Structures are given as C-alpha cells and as structure tokens.
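We will start with the whole chain and then settle on one of its parts.

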Amino acid sequence: MQYMQSERNSNLGKAARVYPGYNKTTARGKKLSMNYHQTLQKVLDYIDQHITDEISAAQLAQQAGYSVYHFSRIFTGVIGISALSYVTWRKLQYGLYDLCQGEKVINVAMKYGFETHAGFTKAFTHWFWFPS
C-alpha cells in the first residue's frame with residue numbers, strides 16, 4: 001500500500017497516467033520486480049535533473065546499471081515508449097512551460113538541445129498536435 005501511494009507522486013506514476021501502455025508487466029506479460037520500478041524511477045529523476053543536457057541511451061542505461069539493450073527493453077516495456085522518446089517528450093514539456101512564461105521559441109529550442117526552432121516546432125507538433 002505504501003508503495004502505491006508513493007508511486008502516485010513519482011515520475012513513474014506520472015508516466016503511468018500519461019501513457020496508456022504503462023503497466024507493471026513487460027510487453028510479454030511477465031510481472032516486473034519492484035527493483036525495476038525503483039531503478040526506472042532513478043532514471044526518470046536523472047532525466048529531469050539533466051533535462052537541458054544531451055542525454056543518450058548509454059547514459060540512461062549506465063544510471064540503471066544495465067546494458068543498453070536490457071535497459072531499452074525494460075524501459076519500453078514499462079513506460080510504453082522508448083527512453084529517448086521519453087526524453088524528447090520531457091524536454092518539450094519543460095519547453096512548453098518556458099513558452100508559457102514568455103520566452104522566445106528560439107531560446108527555448110536552444111536551451112533544450114534542439115538545433116533549430118523548426119526542429120523544436122516539428123517535435124512539438126508531433127507530440128502535442130499543436131500548432132497543426
């Protein structure tokens with residue numbers, strides 16, 4: 001019970017509400033251990049702490065203590081999308097907040113590692129379907 005309450009306040013809990021594919025099993029229906037959830041929470045926290053940095057799958061796998069292949073399978077199985085897609089989605093969420101605070105698109109794009117404002121806009125449209 002205590003685990004479920006703490007999960008509601010965690011990033012993993014947020015991912016569960018956002019991604020309909022999230023569950024506590026892998027794509028093949030095997031139940032995941034509590035250790036995987038704790039490890040993934042650590043990775044999600046790392047992503048948020050380093051959101052303005054360039055983040056690679058190898059860095060995330062290293063944070064989890066798994067090989068890139070194993071980490072990718074576990075992350076996708078639990079969250080429902082690939083780790084790098086999740087990183088992009090989080091960067092765009094942070095960018096959306098900055099845009100709402102009045103920052104310019106080009107400044108937000110550069111802050112979160114997009115090479116051009118057009119690349120940021122394309123990714124933003126893909127994830128949030130706005131502006132279309």
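What follows is a short walk from the overall fold to the last helix and the segment after it.

Keep in mind that this is a predicted model. The protein has 8 helices and 0 strands, so along the sequence the pattern reads α-α-α-α-α-α-α-α. Of its 132 residues, 38% count as buried. If you take the contacts between residues at least 6 apart in sequence, 54% of them join residues at least 24 apart. The protein exposes about 8100 Å², and carbon and sulfur atoms supply 55% of that area.

Now find helix H8, residues 117–128.

Which residues of H8 are buried? They are Phe120, Ala123 and Phe124. These residues cover an arc of only 105 degrees around the axis, which puts them on the same side of H8. The spacing makes sense: an α-helix has 3.6 residues a turn, so residues three or four places apart point the same way. Helix H6 (83–100) and helix H7 (105–111) are among what covers the buried residues of H8.

Finally, follow the chain out of the helix. Just after H8, Trp129 takes a positive phi of about 55 degrees. Phe130 lies in the segment after H8. Is Phe130 buried or exposed? With a relative accessible area of 58%, Phe130 is exposed, because that value is over 50%.

Conventions:
Residues are numbered from 1 along each chain as its sequence is written. This is a predicted model: local features need pLDDT of at least 70, side-chain atom pairs count only at pLDDT 80 or more; totals for chains, interfaces and linings use all residues. Side-chain values use heavy atoms; hydrogens and water are left out. Helices (H or I, at least four residues) and strands (E, at least two) are DSSP runs, numbered from the N terminus. The expected span of a helix is 1.5 Å times one less than its number of residues. Buried means under 20% relative accessible area, exposed over 50%, partly exposed in between (1.4 Å probe, protein chains only). The arc is that of the directions from the helix axis to the C-beta atoms. Contact means heavy atoms within 4.5 Å. Accessible areas come from the Shrake-Rupley method with a 1.4 Å probe; for residues, only the protein chains shown count as cover.
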